Amino acid sequence: MRINRAWLGAALLMLPTLLVAMDTTALLLALPQLSADLGATNVQQLWISDGYGFLVAGMVITMGTLADRIGRRRLLIVGAAAFTVLSVVAAFAVNPLMLIVTRALLGVAGATLAPSTLALLTNMFRDERQRGKAIAIWATCQFTGGALGPVLAGFLLQHFWWGSVFLAAVPAMALLVLAGPVLLPEFRSDQAGRLDPASVGLSLAAVLLVVYGIKQLTVESARAVPALALIVGAAIGILFVRRQLRSETPLLDLRLLRNRPFTAVLVALVCAGIAMAGTGLLVTQYLQNVLGFSPVASAVLFAPMGLGVAVGTMAAPALARRMKETTAIAGGLMGSALGSLLLVGVDGARALPLVMIGIAVLALGTGPLFALGTGLVVGSVPPERAGSAASMSETGNYFGGSLGFALLGVVAAVVYRSRMDGTSDSLAGAVAASRHLPADQGAELLHTAREAFTASLHVTGVIAAVIFAGLAVLILAMRPVTRTAPAALPDYEATRR
């Protein structure tokens, strides 16, 4: 039987796509254990969990430009090697600061992997139908990775220590380093833009200051410093935008946003990521701290979210052959809104089935957006600008997921604290405090805290439903996409050499 080298290469590319996404959420279940082991404060826990995702989002555009200059395969291999080493370092971190720094560097390494995978897939498949199938599989890996991260972490934590969550990525990344030069083609763009260090610095500063401000507003009584960080971050963001609009070779080509279909899908990818990540954050904590399931049981019960995304993304190409892509995407998003509303009814004996059905329906509905959205984004611009469009799509994906933890986490924390009248900052803290109180007082505190957290889950479900319904309207309102003929791609065997 003849071996298809292109599909072997595509299978290899799915590994970093899956693992980079999984690393964004894998610590949701491991965070309590590693925090207790390392003695991490609330603020340090936030940076341990979120720093990775925001660094990926902040660096992916930079790495996309760098890949065009030095070669996409080369940057992919370098990033995989760095990811392997840093994963080992993170697994054996001895204090919170070491883990925060290592997670940030892992985000930089992850950003080198993200833009190269999709770009290399477009080089490897010249047939439009095969390319569409490959992108659908790629989307499945990318967007189910985030949902499956806690599942993998749950199984590992049942048998090993928290560092095993990081070591899980090592074998796959090592395989990529060894097999990549053999199976993957190299590609460099003759028209790659010059890497602008000032733009890189401005984009990172804007993202990190805004994120810092959002986080600190929820954990500090003094509001002046977080508010100042938000203002300064927004000001730097404005400077970044102005620099990109004036540059002949911008780091982030904001002129693409003038294209209405492109902007609509990009906004949908970001906002859907916010809704999914925020919902996932609340549900995993609800399963453990309200319903009382162990980490491994919570991982199994959370699996419908990952399975729902997988089914939705893989079914999307078949839906697109029977209806307009925009109709398939909008219909799926309305389904996600209904799934989100099911979370509003979570309480008492019906809590577990409603949670499982809700997250499954929510995830299933996002599949067409994730699978077809990338194709719509790339098809909305001329072929020579497809690389820049794909990079913006990647940035939106990762930024949306990371932002969901911060924004909806903030909302959930505010609802929880208001219901607790300031007597508890978090459900995890209330659980820990109840163990040191007399039985009656501990039970009363735990009951009140669980009711307060359930209320925050209800609010999160409503917000997610509003986001999904609004996105469905936005997608339907955008103009039909006129696809341009794809540019001729180089022969795979020739580019591989």
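Student: How many helices and how many strands does the protein chain have?
Tutor: The protein chain has 18 helices and zero strands. Both kinds of element are DSSP runs, numbered from the N terminus: helices are H or I with at least four residues, strands are E with at least two. Before we go on, this is a predicted model, where local features need pLDDT of at least 70, side-chain atom pairs count only at pLDDT 80 or more, and totals for chains, interfaces and linings use all residues. Residues are numbered from 1 along each chain as its sequence is written, and side-chain values use heavy atoms, with hydrogens and water left out.

Student: What is the average pLDDT of the protein chain?
Tutor: The average is 79, and 86% of the residues score at least 70. pLDDT is the predictor's confidence in each residue, from 0 to 100.

Student: Why is S340 called buried?
Tutor: Buried means under 20% relative accessible area, exposed means over 50%, and partly exposed is in between (1.4 Å probe, protein chains only). S340 has a relative accessible area of 0%, so S340 is buried. Its place is in helix 13 (residues 325–342). Leaving aside neighbours within four places in sequence, S340 is in contact with L362, G461, A464, A465 and F468, where contact means heavy atoms within 4.5 Å.

Student: What makes V88 partly exposed?
Tutor: V88 has a relative accessible area of 34%, so V88 counts as partly exposed. V88 is found in helix 4 and touches L167 and V170, not counting residues up to four places away in sequence. V88 and V170 are 82 residues apart along the chain, yet their C-alpha atoms are separated by 7.6 Å.

Student: Is E394 buried or exposed?
Tutor: E394 is buried, because its relative accessible area is 2%. E394 lies in helix 15 (residues 386–420). Setting aside residues up to four places away in sequence, E394 touches V60, A114, P115, W138 and Q142.

Student: Why is T313 called buried?
Tutor: T313 has a relative accessible area of 0%, so T313 is buried. Its place is in helix 12 (residues 295–320). Leaving aside neighbours within four places in sequence, T313 is in contact with A136, A139, T140, G367, F370 and A371. For the protein chain, 54% of the 497 residues count as buried.

Student: Which residues have the most contacts inside the largest nonpolar core?
Tutor: They are M276, Y286, L333, V346, L369, Y416 and F468, in a core of 79 residues. Helix 11 (residues 260–290) gives the most to this core, with 16 residues. A second, separate core of 50 residues includes M14, L120, L176 and A179. A nonpolar core is a set of buried Ala, Val, Leu, Ile, Met, Phe, Trp, Tyr and Cys residues joined through side-chain atoms within 4.5 Å.

Student: How do you know that the buried residues of helix 16 line one face of the helix?
Tutor: Those buried residues are L427, A430, V431 and S434 in helix 16 (residues 427–434). Seen down the axis of helix 16, they fall within an arc of 100°, so they line one face. The arc is that of the directions from the helix axis to the C-beta atoms.

Student: Why is the pair of F92 and W161 called tilted?
Tutor: Rings of Phe, Tyr and Trp (its six-membered ring) pair if their centres lie within 6.5 Å; planes under 30 degrees apart count as stacked, over 60 as edge-to-face and the rest as tilted. The F92 and W161 rings have centres 5.6 Å apart and planes at 40°, so the pair is tilted.

Student: And what makes the pair of W162 and F166 edge-to-face?
Tutor: Their ring centres are 6.4 Å apart and their planes are at 85°, so this pair is edge-to-face. W162 is buried, with a relative accessible area of 4%, and F166 is buried at 2%.
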